[in-house]
Amino acid sequence: MEDERAPLLQRQISSDKTESGSLVCKNVAARHVLAIWSFLGFINLFAIRVNLSVALVAMVNASSELRQNSSFDDECPGSSNRNTSNTPAPERGEFLWDEQTQGYILGAFYYGYCLTQLPGGWLAERFGGKLLFGAGILVPSLLSLLIPIAVRFHITWLLAIRVVQGIFQGVAYPAMHSLWGKWAPAMERSKLITNTYAGAQIGTVVAMLGTGYLCKYGFAGGWPSVFYVFGGFGCLWSIMWFILVHDSPAQHPRIVLAERVYIENSIGKKHKKISPPWRDIFSSKAVWAIVAAHFAQDWGSFTIMTCLPQYMKQVLRFNIEQNGLLSSLPYVTLWLINTICGQVADVIRRKGFLSTKNTRKLMNSIGLMLPAVVMVGIGYSGCHPMLTVALLCLGVGITGFTMAGYSVNHLDIAPHFAGILMGITNSFGTTTGFIGPSIVGALTNNNATASQWRIVFFITAALFLIGGVLFAIFAQGEEQLWSIMATKGVHLPRVLNLEKGDDDRDSGIEESMDRGGTVR
């Protein structure tokens with residue numbers, strides 16, 4: 001019996017490999033199962049996050065909004081390009097909320113969301129990303145089922161639920177980065193992570209399309225069905241997640257031995273709990289480069305994702321069905337580019353065309369600097385609805401290149417602390433989720449005109465440009481010396497230059513050893 005097993009085990013360990021060294025197994029690899037369920041998880045995550053943006057259009061009494069907004073149609077009078085033929089009839093919404101109140105409602109989620117970014121990274125390292133990511137979808141899904149009842153009691157109940165949903169969803173990205181820090185082989189990081197996070201764009205598309213349809217044709221009066229449907233799907237996904245996913249290759253009971261060996265040889269084993277080098281993290285230029293890019297991209301992402309349905313209604317004059325469809329189109333483009341750019345980045349690195357650092361800088365520069373130009377164009381296209389939609393698809397879509405730029409860079413510079421780094425950078429980024437809608441609400445309150453929305457797009461363009469430039473100057477592509485030393489359990493002398501570039505990393509370790517640090 002043992003003689004029969006030995007050759008099989010040898011065949012597993014030396015199984016077929018691609019040029020990149022990845023294993024080709026007959027069964028679906030465990031890391032690919034994780035990628036699939038993570039992708040589906042992000043669909044649920046963003047569907048629950050985004051559906052209120054479109055549902056709000058149906059929930060608010062539009063006739064009241066029109067009476068309050070004396071400047072609703074002050075630009076492009078009589079233009080043949082204006083969408084006047086499709087000007088939406090006043091919605092029969094239940095709630096009399098002005099634009100500023102709507103801004104507070106849309107931003108409430110992100111007050112909670114930003115609170116758990118840093119704790120999420122620490123908790124994921126301590127208790128595992130599986131539990132945190134699962135809870136980050138299960139609890140908001142259950143709360144989603146309560147929204148139709150709660151909002152009819154008082155607006156404060158809606159605000160409270162959205163804040164709590166944000167608190168639980170805030171752990172999702174740090175938890176996922178922590179999981180991939182244990183599961184993603186070095187040369188597959190871009191592909192696996194961009195495919196996983198592409199679920200965010202698909203979730204946005206599904207939410208906007210589905211919400212527009214359910215608001216008009218759904219059960220329970222239309223808009224309430226939105227929260228029942230998406231909440232129910234989130235609960236079903238959570239059951240499968242807890243059954244099929246595990247925190248690391250070593251804990252997975254069904255993983256093929258060859259795959260486990262391949263992953264652990266690629267990223268190394270983390271044998272014990274490691275205390276994060278907080279001083280070194282917060283003094284790292286490479287970390288702050290990610291913060292700058294993350295803040296800029298999140299500003300554009302959250303502001304447009306959250307407020308785009310309002311812009312479609314107030315300026316471009318699309319009805320609820322058109323609103324959901326057209327608001328989703330930019331995110332279809334974003335998903336396509338996200339999927340492609342990860343593959344391209346891995347090929348560039350694997351073939352040696354560019355170093356990891358320069359690959360990240362190239363992808364991030366494309367993803368932030370080109371959209372900055374497009375945002376300026378959008379600011380002047382409000383009289384041409386179809387042109388505006390096309391530019392939004394282009395501008396939002398191109399930001400997908402950042403997924404192979406700053407978004408995966410945490411794993412490059414500190415793979416064992418990737419969850420914590422994501423928590424830090426996402427803490428800064430997600431503040432834009434409530435700052436953006438509040439600014440939009442203040443600018444457009446009783447004055448929802450194309451000229452006021454132009455200011456929103458100009459602010460977005462400026463932040464894209466600043467974030468892109470800072471990342472291009474200060475980003476790094478290899479594991480930083482402070483991460484290597486902390487993983488080895490070695491004290492890093494404060495006099496040592498922590499910002500070693502890709503070419504100086506090894507000499508930095510030698511310098512540290514000469515000063516008395518010993519790597520074991």
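## Exercises on a helical chain

The protein chain has an accessible surface of about 20,500 Å², and carbon and sulfur atoms hold 62% of that; such areas come from the Shrake-Rupley method with a 1.4 Å probe, and for residues only the protein chains shown count as cover. This is a predicted model, in which local features need pLDDT of at least 70 and side-chain atom pairs pLDDT 80 or more, while totals for chains, interfaces and linings use all residues. Residues are numbered from 1 along each chain as its sequence is written, and side-chain values use heavy atoms, leaving out hydrogens and water.

**Exercise 1.** Find how many helices and strands the protein chain has, and what percentage of its residues count as buried.

*Solution.* Start with the secondary structure: there are 23 helices and 0 strands. Both are DSSP runs numbered from the N terminus, helices being H or I with at least four residues and strands E with at least two. Next, burial: 59% of the 520 residues count as buried. Buried means under 20% relative accessible area, exposed over 50%, and partly exposed in between (1.4 Å probe, protein chains only).

**Exercise 2.** Is Ser141 buried or exposed, and which residues does Ser141 contact beyond its sequence neighbours?

*Solution.* First locate Ser141 in helix 6, residues 129–144. Its relative accessibility is 0%, so Ser141 counts as buried. Then look past the neighbours within four places in sequence: Ser141 is in contact with Ile48, Gly231, Gly234 and Cys235. Contact here means heavy atoms within 4.5 Å.

**Exercise 3.** Work out how helix 19 and helix 20 are oriented to each other.

*Solution.* Take the angle first: helix 19 (residues 418–430) and helix 20 (residues 432–444) pack at about 10°, with axes 6 Å apart. The axes are lines fitted to C-alpha atoms over the stretch in contact, and angles run from 0 to 180 degrees between N-to-C directions. The two helices are therefore roughly parallel. Phe428, Gly429 and Thr430 of helix 19 make the contact with Thr432, Gly433 and Phe434 of helix 20.

Conventions:
Angles under 35 degrees count as roughly parallel, over 145 as roughly antiparallel, 65 to 115 as roughly perpendicular and the rest as oblique.
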